[in-house]
Amino acid sequence: MLRYAIGRLIQAAVAVFGVITIVFVVMHVSGDPTLLLVPQGASAEEIAALRHQLGFDQPILTQYLAYLAGLAHFDFGISVVQRVPAIDIVLSRLPYTIYLAAGALTVAVGAGIPVGILMAANKGTLVERALAAVVLTGQSVPTFLSGILLILIFAVELRWLPTSGVGSLSALIMPSIALGALSMSTFARMMRIAMVDELGKDYVRAARARGLSMRAVVMRHVLRNSAIPVITVAALEIGNLLAGAVIVETVFAWPGIGQLAIQSIQSRDFLVVQVIVLLISFIYVATSVAADFAYAAIDPRIRLAR
Amino acid sequence: MSDIHRPLLSVENLTIEIDGAGVVDGVSFAVRPGEVLALVGESGCGKSLTSHALLGLLPDVARLTSGRVLLGDTDLAALPERALRKARGKDVSIIFQEPSASLDPLTTVGSQIAEALRQHEKVSRGEAMARARAMLDAVGIPDPDRRLHQYPFELSGGMCQRVMIAVALICGPRVLVADEPTTALDVTIQAQILDLMKRLVAERGTSIVLITHDMGVVADIADHVAVMYAGRIAEIAPVDDLFARPAHPYTALLLASVPRLDVAPKAELATIDGTVPSPQEFGAGCRFAGRCPLVSDRCRTEQPPLFEERPGHRTACWHRERVGEITRAAA
């Protein structure tokens, strides 16, 4: 187990280092980064001064080491638009994205897993087909359309929920559904496939032969075995939720990382974009590490492997 | 008249259909207390379906259309699911062909044995584990205290089958159904598992319905043999009588195809030409007619009933008096 854990953490560290380096390369080798940072219409002197101030006239290796040293001190540079540390801007928006992602994940897991279980348990019946229609809808309707439809129905017509903003918990409901719908379908499909697969295995028949009811077999044995592939999906879905947040946050005027990313790209606030890219990459890596540890917690074949 | 001669389990006219085809057709046999009945036949002859039907564990596609499974005075085939669950693992247990796959990979073997006990008896977790440990010891697993807390992947196939036997026997069932319990195991392990089953029969008086295609296993452990062919009983007899004087051409050919050490080898080991017909190919007559060396016109049109050839020895063949020709030709 210890070897497994250390191995996974080393892999994660390598991945994080790779991300940091790629972000540096994209920014510094694909052209003069000064041009990305200056306001539009700046004079040649202003550009040269900024280039010197930021150290972009130094050799590339020196710049890389300075960049790494900066990251080590949690220094991600100053936003050229807002004149405050880029990291502060991103961190001020982060809680909103966390709320939204948590809300969407609640929708995705809370609806997707039960739907998948019901589909597997009622394989070949009308129940499965009805649920399959729900799943298909969830994965086919694009987020920008479902978001606008939700606003139209529940905010404009029924006036149950606010159209946008972050004033209350009720404001979180529609963005969470719009963002979570696609993931819900993914969870439902994966859970269904995993469970149908497990239900066909010999240990299910053997457990029934001990006198267990089908329900007891599912609760005690099948669900845990089905969880392993679903965890893999969960780790990837958390990353997809963050990516999908860009659209949902724009539709619902939700002041999270996604909206900030759009604004920063539009205002050429490149250092803020860089922090967002790094942050989302770290979250991706962290969730896969979490998934690896979850496998070990569930599956003794991984936990006890030497 | 003592109870000992009354059958403990008696299967009457069992018929199972898949997509309207009778894949098991009117199968009847009986097992007395402490007796081992072997159900023998090629792959696809319906012997596994028959054995699973005894516990009401047929796959979704198969349907039991008629017949009774009498355990004492109770017809298991007529019981509703809830009542049947009370019998499964307690009155009738089953072990399967793939022992490693029959255990949940994420649960320790101890708790899977304990689960079977706690399903039928009100005992504490600690007591259930103590009895699971005793059961592991009884099925000959060394170091049971350690094994109790291990997972199936840490055990060999033979050990997993011992665990399955422990699961099956912990509630002291009257009948153990063993569906090819040694097919997936090494030959040396096969012998150990068979010895274990023989010992358990002797110690506990458990009856065994053993499904196998291995005549060597039959000779080793069975008291009675039912030979199945294409979903029907071809011949049923005490083991010695069946081996000495088979009265069905299929049985005679099966026995002739078993390699023997006490007979000088002829040019080639005998085989039975052709394959078992699929349920769609079943005709009105004897289902073995297409492969039978003694076949006549009557065999193709008229299904032979089970004739009582000798006391306790029944065979479904119109030409049973000529079966000796096959046996002599093979010898």
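I took a polar contact to be a pair of N or O atoms within 3.5 Å, where, within protein, one atom must be able to donate a hydrogen and the other to accept it. With that rule in hand I went through the predicted model, and across the interface of chain A and chain B I found twelve residue pairs in polar contact, both residues being at pLDDT 80 or more.

**Entry: the side of chain A that touches chain B**

I looked up which helices of chain A supply this side, and found that α9 (202-209), α10 (214-251) and α13 (300-303) each give at least two residues. Of the elements of chain A, α9(A) gives the most, with six residues. I then sorted this side of chain A by class, which gave eight nonpolar, four polar and nine charged residues.

**Entry: extent of the interface**

The size of an interface is often given as the accessible area lost when the parts come together. For chain A and chain B I noted a buried area of about 2,200 Å², of which carbon and sulfur atoms give 56%. I also noted that the contact takes 21 residues from chain A and 28 residues from chain B.

**Entry: salt bridges**

Side chains of opposite charge can pair when their charged atoms come close. How many salt bridges did I find between chain A and chain B? The count is three, while the structure holds 26 salt bridges over all chains. I looked at Arg208(A), which forms a salt bridge with Glu81(B), with the closest N and O atoms 3.7 Å apart. Because Arg208(A) lies in helix α9 of chain A and Glu81(B) in helix α2 (residues 81-87) of chain B, this pair joins two chains. I also looked at Glu115(B), whose salt bridge is with Arg210(A), the closest N and O atoms being 2.3 Å apart.

**Entry: nonpolar surface of chain A**

I turned next to a nonpolar surface patch of about 900 Å², whose residues include Val141(A), Phe144(A), Leu152(A), Trp160(A) and Ile247(A). Helix α7 (residues 143-157) of chain A gives the most to this patch, with six residues, and I located Leu152(A) in that helix, α7 of chain A.

**Entry: chain A overall**

Finally I recorded that chain A has 13 helices and zero strands. I noted that the C-alpha atoms of chain A fill a box of roughly 85 × 60 × 30 Å, taken along the principal axes.

Methods: Residues numbered from 1 in each chain as written. Chains lettered and ligands numbered in written order. Predicted model: local features only at pLDDT ≥ 70, side-chain atom pairs only at ≥ 80, totals over all residues. Heavy atoms only, no water. Contact = heavy atoms within 4.5 Å. Buried area = accessible area lost by both parts, 1.4 Å probe. Salt bridge = Lys/Arg side-chain N within 4 Å of Asp/Glu carboxyl O. Polar contact = N/O pair within 3.5 Å; in protein donor to acceptor, adjacent residues only side chain to side chain. Helix = DSSP H or I, 4+ residues; strand = E, 2+ residues; numbered from the N terminus. Nonpolar A, V, L, I, M, F, W, Y, C, P; charged D, E, K, R; others polar. Patch = residues over 30% accessible without salt bridge, like charges linked within 9 Å, V, L, I, M, F, W, Y side chains within 5 Å. Areas by Shrake-Rupley, 256 points an atom, 1.4 Å probe, with all protein chains shown as cover.
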